[in-house]
Amino acid sequence: MEKIMSLNEPKLSTAGQESLPPLSIGLWRHRNVLDLDDFSPEEITLVFEIANGMVEVLAREVKKVPTLRGKTIATLFYEPSTRTRASFELAAKYLGADTVSLDAARSSVAKGESLIDSLRTLQALEVDTIVIRHPCSGAPYIAVRHLQTSIINAGDGCHAHPSQGLLDLYTIKRQLGDLKGRKVVIIGDIMHSRVARSNIWGMRSTGLHVVLCAPTTLIPQGMPEMLDKCGLDHVTIEHNLDRALEGSDVIMPLRLQKERQQSGFISSIREYIRLYQVNSERLKKARADAIVMHPGPMNEGVEISHDVAYSSSSLIEQQVTNGVAIRMALLYLVAGVKNQ
Amino acid sequence: MISKSILIKNARIIDPSQGIDEKMDILIEDGLIKSSGANLKAPAAVIIQADGLVACPGFIDLHCHLREPGFEEKETIASGAAAAIRGGYTTVCCMPNTNPPLDNAATVDFVRKTAASQAPLITVLPVGCITKGRAGKELTDMSELADAGCAGFSDDGSPVSNSQLMLLAMRCAAGLEIPIIDHCEDLDLSRGGHLHDGWVAARLGIKGIPAAAEETMVARDIALAEMTGAILHLTHISTRGSVDIIRSARARGLKISADVTPHHLTLTEERIIASPAEPDVPLIYDTNAKVNPPLRTAADIEALIQGINDKTITSVSTDHAPHASEDKLCEFELAAFGISGFETAFAALMTLVHSGKIKLNTLIALLTCGPASVLQHEYGITGTLKAGSRADVALLDISREWTLDEANMLSQGKNTPFKGQQFKGMVAGTIHAGEIAYIDKSVRISK
């Protein structure tokens with residue numbers, strides 16, 4: 001399958017490289033980044049080590065390093081996105097890559113060109129890495145079966161969002177240090193959340209205990225069986241938010257899309273707020289030093305209250321900064337290291 | 001190859017309609033079964049040396065899609081018929097979801113005439129729509145459709161949601177003594193779903209179709225059939241709950257029957273994420289395993305097999321649903337539902353025989369006299385090797401090993417989850433109304 005990188009890989013462009021971490025990339029075996037289910041703990045550690053270097057780069061006056069000079073990264077988004085797209089494009093630019101972004105509204109798919117054709121065109125344009133977001137779960141998985149060019153999944157349907165999963169875990173690790181026995185509560189629309197799914201996979205074998213807290217209507221029927229079949233025994237499901245928050249270290253409300261009310265998943269936004277909003281009153285159930293995170297974009301006043309979002313326990317802005325560092329690390333590993 | 005008489009020598013004859021399973025000969029004359037017995041002589045006949053082969057009635061499929069008129073890029077009556085014949089079928093009932101749909105005598109007539117000219121070596125029985133345009137609003141002229149030759153009524157993939165309308169449809173069908181062949185699906189429960197609502201759906205983040213979407217409609221249909229006395233046939237049953245509901249209805253003596261497909265008997269939801277043909281792909285999102293009703297769970301398969309063995313389920317149908325490659329070579333959620341099934345039905349089912357789950361004679365009954373009994377009011381002569389019946393015969397080599405290569409498929413639809421699968425058991429020949437429609441080159445024929 002994917003080739004194992006050797007320790008003697010050709011060196012990357014070296015100008016400004018003193019800031020980059022030593023390359024123990026022998027661990028890295030991903031031509032593509034599709035989800036975190038096939039990431040070993042060592043690989044996650046490797047991404048984080050490289051991200052540490054990237055954080056340092058981001059703190060510089062002049063952020064640009066030439067690591068990916070001469071490489072081209074395409075972002076192909078079939079779904080609107082502001083932050084993830086900007087984050088990937090800036091990450092590529094900070095590493096000296098050229099970027100090209102293609103807006104492929106879902107309607108254009110309906111008009112004719114298939115996903116595979118669009119991707120093959122990009123491949124023929126000699127793009128080095130394609131960052132793709134798609135409203136259909138599994139779209140990048142279909143893509144990689146027809147392409148040689150590397151693919152990074154920037155979110156597929158309700159399935160996976162691996163760079164978000166990594167940046168969340170990275171943020172938690174930088175804040176808490178030792179994760180053993182710590183409790184993370186992910187709250188809200190678990191059913192439709194690719195963020196929750198990638199977080200579950202990423203937090204496996206970290207020592208974290210993950211509680212999924214959602215209305216009964218927003219947990220997929222097959223979720224308990226899935227957790228069992230996939231050996232995800234660090235995850236539990238709890239419908240009562242107060243119980244879930246007890247003794248928690250990390251609190252992560254998810255965006256509640258207003259359409260869920262129209263589809264009947266929740267009876268009213270008011271009821272959702274009453275039962276599931278993370279606010280300062282509720283936060284008292286958590287540990288005093290608990291941190292609050294949010295994958296964005298937030299509906300302030302719905303899943304999270306304004307005061308909590310901007311409180312000292314909130315790491316929401318750090319998540320955004322760390323997101324760039326994580327994406328730089330991923331691009332570096334995927335586009336910067338040549339396959340043998 | 002046209003011949004006045006054919007003598008099949010030394011076959012193991014299995015005819016569940018008569019409870020026969022013994023080695024003997026069959027003589028076919030003028031399109032009919034003349035006789036069967038030991039050491040038959042017929043000097044003028046073409047002789048098929050059938051040592052080592054099973055001879056049974058030709059297979060009958062209560063549910064397939066031939067796509068013509070309207071979707072000839074997926075399949076034509078001619079290509080579908082060729083695939084069916086290769087699969088041992090001598091009678092197939094084609095569903096009305098064509099374009100235009102089979103909701104009036106003219107389109108039914110078109111299908112029958114096209115079949116007669118393009119596919120003369122198989123009997124094609126159209127199934128007419130229950131409602132005009134399959135829109136679930138107004139009933140078709142069902143007696144006209146019956147006169148035009150429809151063997152059953154169905155709106156198939158767009159089942160009639162309005163229970164009052166379905167009640168009236170069953171009253172009409174009961175009067176005509178023609179079966180309603182219903183695809184049971186509560187469209188509110190299944191809307192937006194693409195696979196079974198189980199752990200794989202949760203894993204992939206794709207909306208599931210719950211078992212209840214089928215079971216609620218199975219229960220509704222049975223209640224309506226009980227009221228009206230309609231002949232109700234429930235097609236491609238896929239869940240344990242459905243089997244239980246049907247079992248209790250049949251125990252009450254209702255005229256209700258059910259079929260199951262080869263894929264629902266042999267594959268689970270997990271086939272969508274893992275393919276034996278491509279074991280290295282971790283999450284394959286295999287659109288060739290996307291079908292409606294969806295592939296269910298191992299517990300459902302167990303219940304379906306139990307339902308077969310206690311005669312709750314008495315037929316197998318293929319739900320042969322061919323598609324063009326672009327209908328499947330796309331995102332899972334955008335891909336069409338359906339499996340091209342004629343050419344793998346028997347071989348896939350043989351895996352259940354080889355593993356001891358069902359007996360060979362039971363399997364043959366599911367493919368022959370079981371479906372024939374659903375059609376008996378109009379077409380009582382099929383599904384049997386009784387003397388005087390139409391000479392529809394399938395020849396089976398139950399130990400022949402082969403591997404499915406899509407390039408060899410006769411159906412235009414190459415959409416099968418069995419691609420690359422190794423099978424044991426194949427159809428070696430098909431005789432329709434006394435004519436050899438297909439014969440494998442391994443079979444010795446002499447004149």
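**View 1. The two domains of chain A lie with their centres 26 Å apart, taken over C-alpha atoms.** Domain 1 of chain A covers 17–157 + 322–335 and domain 2 covers 162–309; such bounds come from an automatic or database domain assignment. The contact between them takes 21 residues from domain 1 of chain A and 14 residues from domain 2 of chain A, where two residues are in contact if their C-beta atoms, placed from the backbone, lie within 7 Å. This is a predicted model, in which local features need pLDDT of at least 70, side-chain atom pairs count only at pLDDT 80 or more, and totals for chains, interfaces and linings use all residues. Residues are numbered from 1 along each chain as its sequence is written, and chains are lettered from A and ligands numbered from 1 in the order in which they are written.

**View 2. The side of domain 1 of chain A that touches domain 2 of chain A draws at least two residues from each of α1 (41–58), β4 (150–156) and α14 (316–335).** Helices (H or I, at least four residues) and strands (E, at least two) are DSSP runs, numbered from the N terminus. On this side of domain 1 of chain A there are eleven nonpolar, five polar and five charged residues. Here Ala, Val, Leu, Ile, Met, Phe, Trp, Tyr, Cys and Pro count as nonpolar, Asp, Glu, Lys and Arg as charged, and the others, Gly among them, as polar.

**View 3. In chain B, 25 Å separate the centres of domain 1 and domain 2, taken over C-alpha atoms.** Domain 1 of chain B is made of 5–54 + 392–446, and domain 2 of chain B of 57–379. Their contact takes 35 residues from domain 1 of chain B and 46 residues from domain 2 of chain B. On the domain 1 side, β1 (5–15), β16 (393–403), β17 (422–432) and β18 (435–439) of chain B each give two or more residues. β17(B) gives the most, with eight residues. This side of domain 1 of chain B has 17 nonpolar, eleven polar and seven charged residues.

**View 4. Glu333(B) sits in the loop between α11 (325–328) and α12 (345–354) of chain B.** Glu333(B) counts as buried because it has 22 C-beta neighbours inside 10 Å; the cut-off for buried is 20 or more other C-beta atoms within 10 Å of the residue's own, with C-beta atoms placed from the backbone. Not counting residues up to four places away in sequence, Glu333(B) touches Cys136(A), Ser137(A), Gly157(A), His194(B) and Ile206(B).

Conventions
A residue is buried if 20 or more other C-beta atoms lie within 10 Å of its own, exposed if 12 or fewer, and partly exposed in between; C-beta atoms are placed from the backbone.
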